[in-house]
Amino acid sequence: MRTTHDFLVPDYYPHFHCKIGGCRHSCCMGWPVSISMQDYFHLLGVECSSELRRRLDDSLRIVPHPSREYYAQICPGYEGICGLQLKDGRCALHAELGEEALSALCRLYPRGIRTGRAWECSCANSCEGVLEMFLHREEPLAFAYRSLTLEAPPQPTREFPIETGGHEEDIRQYLIRILQDRRQWLPGRLMSMKTVLDELQGAIAKQDMARIEKVLAGPLPLSWLSPEPVTREHLVRSLGIAERLVEEVEEHSQSVHDYGVAALEWFRQDGDPCERYAQALRNFQTLVPQWDRFFEHIFVNHAFFEQFPFQDRPLDLPDEHIGLCAGYALLRFLCLGWLAEHPAEEDFVDVCAATFRLLDHTAFDAYSAQLLKGLGVSSTEELWDFIRL
């Protein structure tokens with residue numbers, strides 16, 4: 001259904017253009033594409049060539065517990081490549097029948113359209129074209145309302161598991177302001193978010209709306225202004241936790257598998273792990289001297305795209321925050337390990353896009369929070385030690 005409405009969008013949104021066949025890694029690489037019941041039956045009966053029909057029949061799968069909005073998937077093959085992808089990177093369905101034949105997700109990707117309590121539209125970091133817009137950007141992302149005419153896919157009614165008295169959007173914008181507060185080191189901003197979310201969780205548990213309003217009206221917290229020295233003991237322990245996290249996700253995510261294997265191999269070589277870490281860090285900072293700016297942009301974009309911390313899963317605010325920190329630590333570990341032997345800007349974009357195919361399109365925040373807590377990363381001090389690696 002085509003809809004014209006004022007959407008809150010990030011300032012880069014009007015400037016995004018699909019690279020079509022120019023992507024090094026296509027947007028469907030490594031993860032199945034979810035489609036609605038309407039799209040499934042349309043693709044099942046669409047008139048097309050025998051070759052395209054074979055591709056469709058080999059790729060379409062009904063999910064175990066289908067709903068009207070999430071009925072089936074266009075599944076990748078064993079190499080993680082979509083069965084509809086041509087050798088030149090284009091989609092066979094698009095090439096033969098045009099854009100209108102595509103499922104809603106494929107037609108709109110990487111755009112994420114939200115039409116629930118808030119009308120928003122942004123782009124996922126899993127698209128390399130989106131990330132390339134942030135590479136050399138200095139100024140913080142800004143947001144404004146813009147009239148858009150879009151064919152919004154059907155969306156299920158979302159019920160936030162947390163009642164905030166209508167303050168969801170104020171909380172989200174306050175947290176984004178913390179992420180963009182450059183008076184603090186980036187991991188320090190993540191810890192300042194924890195301070196706020198812990199306070200809000202306590203107020204929400206008591207349904208103390210006045211306390212919520214007081215937090216949001218107050219100044220941004222400034223508790224973690226600068227980096228602290230990393231000791232050998234801290235480094236070895238944090239690397240061990242990062243390796244466990246990578247082991248867990250690379251087994252279940254085709255998109256990060258190769259990067260995870262390479263990073264683990266780098267840090268597990270014989271010799272001093274502190275020296276390997278120092279070398280990887282030097283390589284990373286030389287290749288991406290403004291890495292903190294870039295990470296700021298992508299995690300602000302991720303938080304807005306995911307509507308953090310109010311995803312449609314029954315997690316409390318502290319657990320949502322642990323999931324966000326896990327995503328940050330995972331990305332940094334993969335970047336350090338991969339770029340140690342692949343020191344090119346394109347390699348940096350590729351590992352980031354692959355990681356966000358996991359972070360943006362799975363329940364990573366839910367299971368990673370439980371995983372980190374199982375590894376003993378739950379207190380403020382433990383989380384700080386882990387993310388400042």
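In the predicted model, F41 is partly exposed, its relative accessible area being 46%. Y71, by contrast, is buried, with a relative accessible area of 13%. The two residues form a tilted aromatic pair, with 5.7 Å centre to centre and 40° between the planes. Because F41 belongs to helix α1 (residues 37–45) and Y71 to the loop between β3 (60–62) and β4 (72–74), the pair ties together parts that are 30 residues apart in sequence.

A further aromatic pair, F295 and Y328, adopts an edge-to-face arrangement, at 5.9 Å centre to centre and 90° between the planes. F295 lies in helix α12 (residues 291–306) and Y328 in helix α13, so this pair links parts 33 residues apart in sequence. F295 is buried at 0% relative accessibility, and Y328 is likewise buried, at 2%. Both residues are members of one aromatic cluster, which also includes F284, W291, F294, F299, F348 and F356. Over the whole structure, the search finds 20 aromatic pairs.

Helix packing was examined for α7 (residues 186–205) and α16 (residues 380–387), whose axes come within 10 Å and cross at roughly 155°. The two helices are therefore roughly antiparallel, and the crossing is right-handed. P187, G188, L190, M191 and K194 of α7 make the contact with T380, L383, W384 and I387 of α16. Of these contact residues, six are nonpolar, two polar and one charged.

Helix α16 is also among the elements covering the buried residues of α15, together with α9 (232–250), α13 (317–339) and α14 (345–359). In α15 (residues 364–374), the buried residues are F364, D365, A366, S368, A369, L371 and L372. G376, which follows α15, has a positive phi near 90°.

Conventions: Residues numbered from 1 in each chain as written. Predicted model: local features only at pLDDT ≥ 70, side-chain atom pairs only at ≥ 80, totals over all residues. Heavy atoms only, no water. Axes fitted to C-alpha atoms, helices over the stretch in contact; angles between N-to-C directions. Helix = DSSP H or I, 4+ residues; strand = E, 2+ residues; numbered from the N terminus. Parallel < 35°, antiparallel > 145°, perpendicular 65-115°, else oblique. Left-handed = near helix turned anticlockwise from the far one by under 90°. Contact = heavy atoms within 4.5 Å. Nonpolar A, V, L, I, M, F, W, Y, C, P; charged D, E, K, R; others polar. Buried < 20%, exposed > 50% of the residue type's maximum accessible area, 1.4 Å probe, protein only. Phe/Tyr/Trp six-rings, centres within 6.5 Å; stacked < 30°, edge-to-face > 60°.
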